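Me: Could you walk me through the packing in this one? I'd like to start with charges and rings, then move on to the core.

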Amino acid sequence: SQVYYEGPCPTEHIPWLMKDPNHSAYLPELLERFPDSKFIFTHRAPGEIVPSMAKLFVIFTSVDFIPYAPGTSSKEWGVETNRRMKHYCDGLVNFTKSQSKGSPLSLQSVCKELKQSTSARRIDMYFKNLVEDVPGAISNIYKQFYPDQPGPSEDAMGAFKMYLEKNAREKYGNQRRSLEDFHLTKKDVA
């Protein structure tokens, strides 16, 4: 088990957030280290994720780009991204299958709205529903995970809404990316 942080929590009672697909392959280790963890899983079609992730890998490695060197073609990044995505998904699926039916970490249902889920430790939702109403999703997360607390203040939600308006998704356009850019098909990522 890899240790992500050792020692007393420096943020006292403020929840920590870890957002990285790599974590999905190591959920049992995270749970072992942080036994009271709460999980939010956003579900999105692999055909939407893989091109975005492959483009990100290309951008991150472009400073080291050596023309015609192994590992630099879009096709090779497509294969590598697909391999990593399978690893992440397998980790999440295996973790979910390992939970007993009554466990608060078992999959109850993938909800269109957060309020339909009842677990105090796990929320599963579609990514598209999250991005359609981020402030609403945040409020529902607080209601589900922290029912005895008031939730985010009006000031905090107002500031968050202003941030979202200022930094809207696709405000400056969307970088074109597709499975075909990386020599992949829907069948390859299914």
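**Charges, rings and cores**

Reply: Arg-84 lies over the face of Phe-57, 4.4 Å from the ring centre; a charge sits over a ring if NZ of Lys or CZ of Arg is within 6 Å of the ring centre and within 35 degrees of the ring normal. This is a predicted model, in which local features need pLDDT of at least 70 and side-chain atom pairs count only at pLDDT 80 or more, while totals for chains, interfaces and linings use all residues. Residues are numbered from 1 along each chain as its sequence is written, and side-chain values use heavy atoms, with hydrogens and water left out.

Me: And what does Arg-44 lie over?

Reply: Arg-44 lies over the face of Phe-127, at 4.1 Å from the ring centre.

Me: OK, core next. Which residues make up the largest nonpolar core?

Reply: It has 11 residues, namely Val-50, Met-53, Ala-54, Phe-57, Trp-77, Met-85, Tyr-88, Leu-179, Phe-182, Leu-184 and Val-189. A nonpolar core is a set of buried Ala, Val, Leu, Ile, Met, Phe, Trp, Tyr and Cys residues joined through side-chain atoms within 4.5 Å, where buried means under 20% relative accessible area, exposed over 50% and partly exposed in between, with a 1.4 Å probe and protein chains only.

Me: Which helix gives the largest share of this core?

Reply: The largest share, four residues, comes from H2; helices H2 (46–61) and H3 each supply at least two residues of this core. Helices (H or I, at least four residues) and strands (E, at least two) are DSSP runs, numbered from the N terminus.

Me: What does Met-85 touch, beyond its sequence neighbours?

Reply: Leaving aside neighbours within four places in sequence, Met-85 is in contact (heavy atoms within 4.5 Å) with Ile-49, Val-50 and Met-53.

Me: Switching to aromatics, how many pairs are there in the whole structure?

Reply: A search of the whole structure finds five aromatic pairs. Rings of Phe, Tyr and Trp (its six-membered ring) pair if their centres lie within 6.5 Å, and planes under 30 degrees apart count as stacked, over 60 as edge-to-face and the rest as tilted.

Me: Why is the pair of Phe-39 and Phe-95 tilted?

Reply: Their ring centres are 5.7 Å apart and their planes stand at 55 degrees, so the pair counts as tilted. It links distant parts of the chain, with Phe-39 in strand S1 (residues 39–43) and Phe-95 in helix H3, 56 residues apart.

Me: Are those two buried or exposed?

Reply: Both Phe-39 and Phe-95 are buried.
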